[in-house]
Amino acid sequence: WDQRAEEGYLSLRLIQLLEHRGVTFDFFKKCADATLEDIQKIWDPSERKKILDRRSQSSSDKLPWRLDLLGFDESEPTLHKWIEAEIEKSIKNLKSKPRYNLRFSYRLRLIPDHTGLLEEGEAFIAGVDTGVGKDVLTMRDPAYFAGDLLKLKLTTKAELRERQKDQECNFFEDLKLGLVLSTKGDRSAADMMSGGDFDGDKAWVCTWTELVSQVAPCDPEDYSSKEFSVEKSAKENQLAQEATLNDRFEYIFHFRRHQQQLGKLSNWLDQANDEFGVNSPLAKAIGTQGFKQVDHPYFLCVLSEENNAMCLALKERYWCDTIGNKPK
């Protein structure tokens, strides 16, 4: 995990939260246009070669790769058809699941600052290009509320060396990759991001000044309040070595229902955010149940009858195309 950072991108939920926090439509349009331009780069021989080389190891259809290797250009019928199909597939995927390019954006593992050098509200990023940004946006998936997106002050190695003084600590110098969060204050920044922790969680980060500068402050959600708690059942407290074969089959059954409910709540939250806005009463009700559902496979978190009826009446997602076709 510490060899190469995953690229970050604009997802639907992230777009909804950023828009709520003040980011303009023009910024999102700029990112969408840049993504469409990148999709069209497959016509360029050098870019096409990179894509084909990457896919040749996993794809069963190696004919396009062989044609390109032999020097055929895009006028060759089979290669031309493959390029058009790839472009069509990429655009179709964008419609069904938005994923737009973003500069200085990554997915990094959360790491606690055991040195105590970072102050509350600060963060340090290792192993990636952060540009000239002074602040960093970070969000853990899944996010439910506007406050799950944090804006933290970005520190540098030079600043940390100054604070270190005579203390011998090479932690920040030796760290290859990751997002280091301060451990000072009443509450961890990881917990502020939809109840995250440091047991392997990853978060989206972005230091692109053009985006970060537009994001307004927002108080994080208090996940320690009673409305977010669910008492664990006896099955959830059962130790693995105590589970019988029947217990394991029962878990599989409950886990399938758990995953289905999570998917349903996630889709409803997307639709409620679109129609009524992030942090609207309906969106907050769905987000609360979604948060509780994540850690409780034996407990089905449901909405009130009134909110459930409102969800069933929600409109289709806004990225259905202009001729009225639903995304497949």
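Which residues have the most contacts inside the largest nonpolar core? In this predicted model, they are Leu10 and Leu18, and the core they belong to has 55 residues. Strand E2 (residues 99-112) gives the most to this core, with 6 residues. Leaving aside neighbours within four places in sequence, leucine 10 is in contact with Ile15, Leu18, Phe27, Phe28, Cys31, Pro98, Arg99, Tyr100 and Leu102. A second, separate core has 16 residues, including Leu265, Trp268, Leu282 and Cys311. In soluble globular proteins, nonpolar side chains tend to be buried together.

Some nonpolar residues are found on the surface instead. Leu245, Phe249, Tyr251, Ile252 and Phe255 form a nonpolar patch there, and together they have about 510 Å² of accessible area. Leucine 245 belongs to helix H11 (residues 245-276). Its relative accessibility is 58%, so leucine 245 counts as exposed, the cut-off being over 50%.

Helix H12 (residues 281-294) is mostly covered, with 11 of its 14 residues buried. Among them are Leu282, Ala283, Ala285, Ile286 and Phe291. The buried residues of H12 pack against H11 and helix H13 (305-312). The length of H12 can also be checked: at 1.5 Å a residue, its 14 residues should span 20 Å, and its end C-alpha atoms are 20 Å apart, which agrees.

Aspartate 270 is buried, with a relative accessible area of 8%, and arginine 13 is buried at 12%.

Lysine 29 and aspartate 33 both lie in helix H2 (residues 25-40), 4 residues apart, or about one turn of the helix. An α-helix has 3.6 residues a turn, so residues three or four places apart point the same way. Lysine 29 counts as partly exposed at 42% relative accessibility, as does aspartate 33 at 32%.

Aspartate 201 lies in the loop between helix H8 (189-192) and strand E7 (202-206), and arginine 140 in strand E4 (residues 135-140), so the pair ties together parts 61 residues apart in sequence. Aspartate 201 counts as buried at 15% relative accessibility, and arginine 140 is buried at 13%.

Salt bridges also link Glu6, Arg107, Asp141 and Lys202 in a network.

Key: Residues are numbered from 1 along each chain as its sequence is written. This is a predicted model: local features need pLDDT of at least 70, side-chain atom pairs count only at pLDDT 80 or more; totals for chains, interfaces and linings use all residues. Side-chain values use heavy atoms; hydrogens and water are left out. Patches are made of residues with over 30% relative accessible area and no salt bridge: like charges are joined within 9 Å, nonpolar side chains (Val, Leu, Ile, Met, Phe, Trp, Tyr) within 5 Å. Accessible areas come from the Shrake-Rupley method with a 1.4 Å probe; for residues, only the protein chains shown count as cover. A salt bridge is a side-chain nitrogen of Lys or Arg within 4 Å of a carboxyl oxygen of Asp or Glu. Helices (H or I, at least four residues) and strands (E, at least two) are DSSP runs, numbered from the N terminus. Buried means under 20% relative accessible area, exposed over 50%, partly exposed in between (1.4 Å probe, protein chains only). The expected span of a helix is 1.5 Å times one less than its number of residues. Contact means heavy atoms within 4.5 Å. A nonpolar core is a set of buried Ala, Val, Leu, Ile, Met, Phe, Trp, Tyr and Cys residues joined through side-chain atoms within 4.5 Å.
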